[in-house]
Amino acid sequence: MRNNLRLAFLLIAVLFAGQIQAQKANVKPDAGVRVGEFKLASKLMARDVPYRVITPKNYGVAEARFPVVYLLHGLTGHYDNWTDKTKLAEFAEKYSFIIVTPEGADGWYTDSAGVPDDKYESYIVRELIPEIDSKFRTLDGRDGRFIAGLSMGGYGSLKFGLKYPDKFAAVGSFSGALRAPDWNDKNSAVWVSKSIMSVFGAADSETRKANDIYRLAREWPAEKIGALPFIYLDCGTEDFLIENSHDFAKILREKKVPHEFRELPGKHDWVFWNSQVQEFLRLADRMLPRIQTKAAKSSG
């Protein structure tokens, strides 16, 4: 009887351990796109920070490594917006991407001038990306990593591309709030200015200067243009932020930075972003080097 009980307990322990391991890897042995919920115990932010991950349909059955697309949400949004407000999981069925949707709160993907523990730039670059590369089978080099976002996230994505060009093959902005470091409590709505003043500080702060993507683009050395990631830029013709994209695209043309700018019918809404995220996924898929594409789609 005791031997039978020991055997039963041993089997239960093995099964339980297997379940825990499956949770850590966020995959099941059968094929299919999966949306998983995770938290990172951030030392920089001094708290747990949530994020979601979509794994491709062949992740659980293939031993290949996969390229990663990071998608950033907008102001007043959260990490679950992309999976809850668009058909992202459905779009992901067509590709072999790991898709990560980080939490950015109202932090403008910037290390805050006013709140010491709000380090949304450093968190993503120094903690989240390494976490994804260690937890999932990623193509962990520059050529296998992409980032894009909407509105506040569009600003954040372009900034990451300009400040960390060695980490991303392409960056994308949908309806980007690209002038954020120029805004203050006098020239923006209250619901916007509260976060702007908290994150960027006073008008003459170093934080504003260091995160002004127009300045970063203008001052990029001409001889190093080839080191920048490809830039995808779009905005709706009825969007109140369209001049932000016009002005940024002009700098890219003057500097001869490889990019694509699309001005399309649309507003600052999820109808437009649901459409444009598909364009960025297509772009990223086309850009993947042939050998990486072949490896990522093996057994698919």
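Hi everyone, let's start at a serine: S175 is found in the loop between β6 (170-174) and α6. Helices here are DSSP runs of H or I with at least four residues, strands are runs of E with at least two, and both are numbered from the N terminus. Before going on, a word on the model: it is predicted, so local features need pLDDT of at least 70 and side-chain atom pairs count only at pLDDT 80 or more, while totals for chains, interfaces and linings use all residues. Residues are numbered from 1 along each chain as its sequence is written, and side-chain values use heavy atoms, with hydrogens and water left out.

Back to S175. Its phi is positive, about 55°, although S175 is not a glycine. Is S175 buried or exposed? At 0% relative accessibility, S175 counts as buried. Buried means under 20% relative accessible area, exposed means over 50%, and partly exposed is in between, using a 1.4 Å probe and protein chains only.

S151 gives us another non-glycine residue with a positive phi, near 50°. This serine sits in the loop between β5 (145-150) and α5, and S151 is buried, with a relative accessible area of 10%.

Moving into helix α5, we find S157, which is buried with a relative accessible area of 0%. What does S157 touch, leaving aside its neighbours within four places in sequence? It is in contact with L72, I147, A148, G149, V171 and G172, where contact means heavy atoms within 4.5 Å.

Now to how α5 meets α4. The two helices pack at an angle of about 60°, with their axes 12 Å apart. Axes are lines fitted to C-alpha atoms, for helices over the stretch in contact, and angles run from 0 to 180 degrees between N-to-C directions. That angle makes α4 oblique to α5; under 35 degrees counts as roughly parallel, over 145 as roughly antiparallel, 65 to 115 as roughly perpendicular, and the rest as oblique. On the α4 side the contact is made by Y120, E121, I124 and V125, and on the α5 side by K159, F160 and K163.

Next, the nonpolar cores. The largest has 58 residues, and those with the most contacts inside it are Y51, V100, W108, L128, I132, F160 and F248. By a nonpolar core I mean a set of buried Ala, Val, Leu, Ile, Met, Phe, Trp, Tyr and Cys residues joined through side-chain atoms within 4.5 Å. Helix α4 (residues 120-135) supplies the largest share of this core, seven residues. Apart from it lies another core, of 26 residues, among them L71, F272, W273 and F280.

On to α6 (residues 190-200), whose buried residues are V192, S193, S195, I196, V199 and F200. Why are they on the same side of α6? Because they cover an arc of only 170° around the axis, the arc being that of the directions from the helix axis to the C-beta atoms. The face turned away from that buried side carries the exposed residues V190, W191 and K194. The cover over the buried residues of α6 includes α5 (152-163) and α7 (206-210). Just after α6, G201 takes a positive phi of about 80°.

One last stop: K256, in the loop between α9 (242-255) and β8 (259-264). At 67% relative accessibility, K256 counts as exposed.
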